[in-house]
Amino acid sequence: TNQHQAPDYDAIVIGAGFSGLYMLHRLREAGYSVRVYEAADGVGGVWYWNRYPGARCDSESIYYNYTFSEELYREWTWSSRYPKQSEILDYLNFVADKFELRTDIQFDTKIKAAHYDETNHKWNIETGDGNNVSAKYFITGVGCLSAANIPNIKGKDTFTGESYHTGHWPHEGVDFKGKHVGIIGTGSSGIQSIPVIAKEADHLTVFQRTPQYSTPAKNHPYDLETIEYSKENFYQIKEQMRNSPGGIPAEFPTQSALENTQEERQEVFEEAWEKGGFYMQNTYNDITINEDANETLAEFVRSKIRETVHDQKIAEKLMPSYYYGTKRPVLDTNYFETFNRTNVSLIDLKNTPIHRITEKGVQTTEEEYELDTLIFATGYDAMTGPLLKIDIRGREGVSLKEKWGGGAQTKTYLGLTNAGFPNMFMITGPESPSVLSNMPVSIEQHVEWIADCIDYLCEHNIDYIEATPEAENAWSTHCREVAEATLFTKTESWYTGANIEGKPRGFLIYLGGVGAYREKCSEIANEGYPGFTMVISKKLVI
Ligand code: NA7
């Protein structure tokens, strides 16, 4: 062979997190040649990068794992209800070892560009180290929350102390002892890390822009019965997760909050509060669609904040007013309690916004706060961010960025494919339900759908498959209609793009639920892929 010719694979996958690992396994088992590229030096994706103190998943452990192999499910035992970052990372390393995945993963390698070559029906891919490879299928497993956002605050590079983003935490950890620490942001990352850092630091200053309806995780070590039950009931749990709205086996409530009296609601909310986790939002069927129903739960959580925080002036600042659940719900361990500590202060940025970052710390419109360490828990350019960081070009050299109008006209077919981008598939793409579901369950469904589609194309000698603009328009419209029937679109959040300065607004998550989405995707596959164009080249296939 010509040694200058770029290596050629059946499929190239970006990312070695939950998505990329299973995609590799699934395609390799079916006999395809696959190459995975990963920017980090190990597997794990978000669980490789998010090593901030207190980092945990808020899906329950026994559901936050793969279910494609019963053997794998039985071999791994989780230690507690909510898995901590290092345990999930251990799990993904265990998976990579068990299925010998590392041999087909190239670590420490970013993908710079992926361009579709219409003549050869190939994707030409350029890696960060300047190498070129090609593949028939191009699959992204880049995650939804992997493009870190450090807001463009005036003077942000002048700070002379240590500074970190929660999603790029140093592997050796950070020592807070004797330090004055500041943290900007009170999303999941901020709220998980604040109680842990407060215990260690000399002083912690929390810069809060929007307060949160955080509710207790009630994390605890698993008892043997729970573990045994989950292993014995593997198939039942798997089925329940796959067909549920959120990817976890939960009963969907059938009652409206407004059908109950105040006393009855109080009892229901108290019970859910005691169970912890996401039980709160699963109390009534109209929490995220009816303003009055929503307010009953919002007020319940505010009353808990009032009870927990001793200083009522601080409690007041910690009370949210947006619709409950329309920003990503947060689970915590002792978050509100932390504001009773004497070494923790809360700065309400709604009253006194950050004026600038200085050499010494953070200056609000009122005061300068001197810090040794400044933490950005400021979130991510969600969903489209990680994809638009790569120069992806489809037919006629049109980039994904141009196609999506910089994000303003993001449209996909099923969140899996794009018109104009033949043989490209997105795992957990925009307009799929993934980021608002138990991720591994959504990921498995995407991976299996993509692998089945590739099998179909090969069996039928099809050169390429591509979503039609009509099918894409219909799916996008459907996504928006489902979202607009809820309260989600009425709140500024990373769901709508509002957290990123200059990012166009849109609602890029399918809210119809995991089970309904699976059915829709399966129906399309079973009917021979309506909504797609499939092209067989005229050359004779012997
Ligand atoms: P989030 O949930 O996006 O939280 C980011 C936080 O940072 C949030 O409180 C923001 O306030 C705040 N923020 C962002 N930009 C600024 C500026 N410029 N000034 C002050 N405060 C700011 O990210 P996380 O990492 O916590 O969680 C990400 C997801 O990971 C989480 O939802 C789970 O799905 C897992 P805002 O609310 O925008 O006013």
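**Close-up views of a predicted model**

View 1. Helices here are DSSP runs (H or I, at least four residues), numbered from the N terminus. This is a predicted model, where local features need pLDDT of at least 70 and side-chain atom pairs count only at pLDDT 80 or more, while totals for chains, interfaces and linings use all residues. Residues are numbered from 1 along each chain as its sequence is written.

**View 2. Where α1 meets α14.** The axes (lines fitted to C-alpha atoms over the stretch in contact) of helix α1 (residues 18-29) and helix α14 (residues 439-459) come within 9 Å. They cross at roughly 35 degrees, on a scale from 0 to 180 degrees between N-to-C directions. Look for the contact (C-beta atoms, placed from the backbone, within 7 Å) at residues including Phe 18 and Tyr 22 of α1, and Ile 443 and Val 447 of α14.

**View 3. Inside the largest nonpolar core.** This core is a set of buried Ala, Val, Leu, Ile, Met, Phe, Trp, Tyr and Cys residues joined through C-beta atoms within 7 Å; buried means that 20 or more other C-beta atoms lie within 10 Å of a residue's own. Among its 144 residues, Leu 21, Ile 139 and Ile 183 touch the most other members. Helix α14 brings the largest share of this core, 8 residues. Leaving aside residues up to four places away in sequence, Leu 21 touches Ala 16, Val 43, Leu 92, Val 95, Ala 96 and Leu 101.

How values were computed
Helix = DSSP H or I, 4+ residues; strand = E, 2+ residues; numbered from the N terminus. Contact = placed C-beta atoms within 7 Å. Buried ≥ 20, exposed ≤ 12 C-beta atoms within 10 Å, placed from the backbone.
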